[in-house]
Amino acid sequence: SALDRFADLGVDGFRFDLATILARDADFVRSIGDWGSQRGVRLIAEAWDTVRYQVGRDWPDHRWMQWNGPFRDDLRSFLRGEPGQVWAVMRRVSGSPDLFDHASSSINFLTAHDGFTMYDLVAYDRKHNDANGHDGTDGTDDNRSWNCGHEGDDDVPADVVVLRRRQLRNAMALLLLSAGVPMFVAGDEFARTQGGNNNAYNQDNETSWLDWERREGDGGVWLDHEDFVGRLIGFRADLDWTGVEFFGATGGPDVAHHSRSLAWHLPASGVYVVANMWWEPLDVEVQADGGWQLVLDTTDESGFVEPRQVESSLEVGPRSIMVLARTD
């Protein structure tokens, strides 16, 4: 079969677009699962089509991994400061137990293939798809994006530039500090853009190509962002979400509709994360035992900071994430 030929060449996994089309015949899906198990390759489903949405336990074969659409939607909403998202973020950070028996089944993502890039998620409020030739009717209207106060990249105010960079660090932190299998598109680590096009499937040009010149442009700020992403991936490698605990600024998690912040503690790893997506600073109590030092602060341009001891409380900046590491 074609799959066998690719596997013989060393391809270690296959992602099936609109895979619910295949699931009209559940036995067929399971037969592909048998093949994947025999060949030792990963199978990943985009578990929806235009009629049915099967993300989670509704998918007929637990051996497949799945693109976690709710992770994308809930974390995008939280990132741009929507109210009423805390319950959903708790589920997504802990591996989406409402959807999956094992977090390893969940492919977590914020952006993917011909949709918005991670940079465009913080630079555009709406899609810009006119070049696709469908009068702007193609591509989702549900971007859940926020342009940080200015649409696009022309004449961007300096304060918007700073906020966008911070929001990019926040996006990567939310993705990589959550249980599950993180995924981002090549180029997101250095702020690739499609000019706001969220359906660039038919753009074989600068819109969809990977722009390596951008990586080293803008005075090297995107190389700095790439370095932050690399360090964050390394930091994530030692994380264990077993027994994850959730807190609010004080006491338990604040799940009221107005709340836009959440803290989570990974006791097995000695890590405490505070995410404040509110537009004002937030005073937060560290509610896990031990001594703690600050190691990451997205208000800092470098993201990772020189470790410093923190007391039992700290101020978390507006629209920012702090990460503490236990010292004892």
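**Entry 1: helix 3 against helix 4**

I began with helix 3 and found that it passes helix 4 in a left-handed crossing; a crossing is left-handed if the near helix is turned anticlockwise from the far one by less than a right angle, and right-handed if clockwise. The residues that meet here are P70, F71, D74, L75 and F78 in helix 3 and A88, V89 and R92 in helix 4, where contact means heavy atoms within 4.5 Å. By class I noted six nonpolar, no polar and two charged residues in the contact of helix 3 with helix 4. For these classes, Ala, Val, Leu, Ile, Met, Phe, Trp, Tyr, Cys and Pro count as nonpolar, Asp, Glu, Lys and Arg as charged, and the others, Gly among them, as polar.

I record that this is a predicted model, in which local features need pLDDT of at least 70 and side-chain atom pairs count only at pLDDT 80 or more, while totals for chains, interfaces and linings use all residues. Residues are numbered from 1 along each chain as its sequence is written, and side-chain values use heavy atoms, with hydrogens and water left out. Helices (H or I, at least four residues) and strands (E, at least two) are DSSP runs, numbered from the N terminus.

I then looked up the geometry: helix 3 and helix 4 pack at an angle of about 130°, with their axes 9 Å apart. That makes helix 3 oblique to helix 4. Axes are lines fitted to C-alpha atoms, for helices over the stretch in contact, and angles run from 0 to 180 degrees between N-to-C directions. Angles under 35 degrees count as roughly parallel, over 145 as roughly antiparallel, 65 to 115 as roughly perpendicular and the rest as oblique.

**Entry 2: the cover of helix 4**

I checked how far helix 4 (residues 86-93) is covered, and six of its eight residues are buried, that is, under 20% relative accessible area, with exposed being over 50% and partly exposed in between (1.4 Å probe, protein chains only). The buried residues are V86, A88, V89, M90, R92 and V93. Their cover includes helix 3, strand 6 (245-247) and strand 7 (261-266). Just after helix 4, I noted that G95 takes a positive phi of about 100°.

**Entry 3: helix 6 and its two partners**

I turned to helix 3 (residues 69-79) with helix 6, which pack at an angle of about 140°, their axes 11 Å apart. That makes helix 3 oblique to helix 6. Helix 3 passes helix 6 in a right-handed crossing. F71, L75, F78 and L79 in helix 3 meet Q167, N170, A171, L174 and L175 in helix 6.

For helix 6 (residues 158-176) and helix 8 (residues 221-236), I found a packing angle of about 20° and axes 10 Å apart. Helix 6 and helix 8 are therefore roughly parallel to each other. Helix 6 passes helix 8 in a right-handed crossing. From helix 6, R165, L168, R169, M172, A173, L175 and L176 meet V221, W222, H225, F228, V229, L232, I233 and R236 in helix 8. This contact has eleven nonpolar, one polar and three charged residues.

**Entry 4: R169**

I followed R169, which lies in helix 6. R169 is buried, with a relative accessible area of 3%. A polar atom of its side chain lies 3.3 Å from the backbone oxygen of D300. Leaving aside neighbours within four places in sequence, R169 is in contact with H225, F228, T298, T299, D300, E301 and G303.

**Entry 5: T20**

I located T20 in the loop between strand 1 (13-16) and helix 2 (26-39). T20 counts as buried, at 0% relative accessibility. Its side chain makes a polar contact with the side chain of Q54 (2.8 Å); a polar contact is a pair of N or O atoms within 3.5 Å, and within protein one must be able to donate a hydrogen and the other to accept it, while residues adjacent in sequence count only if both atoms are side-chain atoms. The side chain of T20 also reaches the backbone oxygen of A47 at 3.3 Å.

**Entry 6: positive phi outside glycine**

I noted that D135, not a glycine, has a positive phi of about 55°. D135 sits in the loop between helix 5 (118-121) and helix 6, and at 74% relative accessibility counts as exposed. R319 has a positive phi near 45° and is found in the loop between strand 12 (313-316) and strand 13 (320-326). At 10% relative accessibility, R319 counts as buried.
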